[in-house]
Amino acid sequence: MTGTALVSEIVGILVSGITGIAEGIGAGLSELAQAIFFTTTGETQTLSVMGILIVCFAGIALAIGLSRWVLNFLTSMGARNR
């Protein structure tokens, strides 16, 4: 076996191991997110109470952040005040 073939085999083994670990972590995180955010009854999925609260607070935070940005922009008339 040549040096190039040996290095190629080692890289192949490492890549397949990393790919397997990444797929396992991705599947676990997907299951966790579905368990937290969705409630399944029969064939229908609805947002859970936790999911609704997160969406509401994220919307409020986004609205406040954008409002502050627009207010700062308008009061400075576009000049950079940093």
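Predicted model: local features only at pLDDT ≥ 70, side-chain atom pairs only at ≥ 80, totals over all residues.
Is Ser 48 buried or exposed? Ser 48 is buried, with a relative accessible area of 9%.

**Overall layout**

The protein chain contains two helices and two strands, and from the N terminus on they follow the order α-β-β-α. The radius of gyration is 25 Å, well over the 12 Å that the globule rule gives for 82 residues, so the protein chain is more spread out than a compact globule. Its C-alpha trace spans about 70 × 50 × 15 Å along the principal axes. Of the 82 residues, 4% count as buried. The protein chain exposes about 7100 Å², and 72% of that area is supplied by carbon and sulfur atoms.

**The hairpin and the loop after it**

Strand β1 covers residues 38-41 and strand β2 covers residues 44-47; the two pair in the antiparallel sense over four bridges. Within this pairing, Thr 39 stands opposite Thr 46 in β2. The strands form a hairpin with two residues between them, and Gly 42 in the turn has a positive phi of about 70 degrees.

Ser 48 is found in the loop between β2 and α2. Leaving aside residues up to four places away in sequence, Ser 48 touches Ile 36, Phe 37, Phe 38 and Thr 39.

Helix α2 takes in residues 49-76, 28 residues in total. From its first C-alpha to its last it reaches 41 Å, close to the 40 Å expected at 1.5 Å a residue. Met 77 follows α2 and has a positive phi, near 55 degrees.

The structure holds one aromatic pair. The ring centres of Trp 69 and Phe 73 are 5.8 Å apart and their planes are at 15 degrees, so the pair is stacked. Both residues lie in helix α2, four residues apart, about one turn of the helix. An α-helix has 3.6 residues a turn, so residues three or four places apart point the same way.

| Residue | Relative accessibility | Class |
|---|---|---|
| Ser 48 | 9% | buried |
| Trp 69 | 57% | exposed |
| Phe 73 | 43% | partly exposed |

Trp 69 counts as exposed because its 57% is over the 50% cut-off, while Phe 73, at 43%, counts as partly exposed.

How values were computed:
Residues numbered from 1 in each chain as written. Heavy atoms only, no water. Rg over C-alpha atoms; globule rule 2.2 N^0.38 Å. Buried < 20%, exposed > 50% of the residue type's maximum accessible area, 1.4 Å probe, protein only. Areas by Shrake-Rupley, 256 points an atom, 1.4 Å probe, with all protein chains shown as cover. Pairing = 2+ DSSP bridges. Expected span 1.5 Å × (residues − 1). Contact = heavy atoms within 4.5 Å. Phe/Tyr/Trp six-rings, centres within 6.5 Å; stacked < 30°, edge-to-face > 60°.
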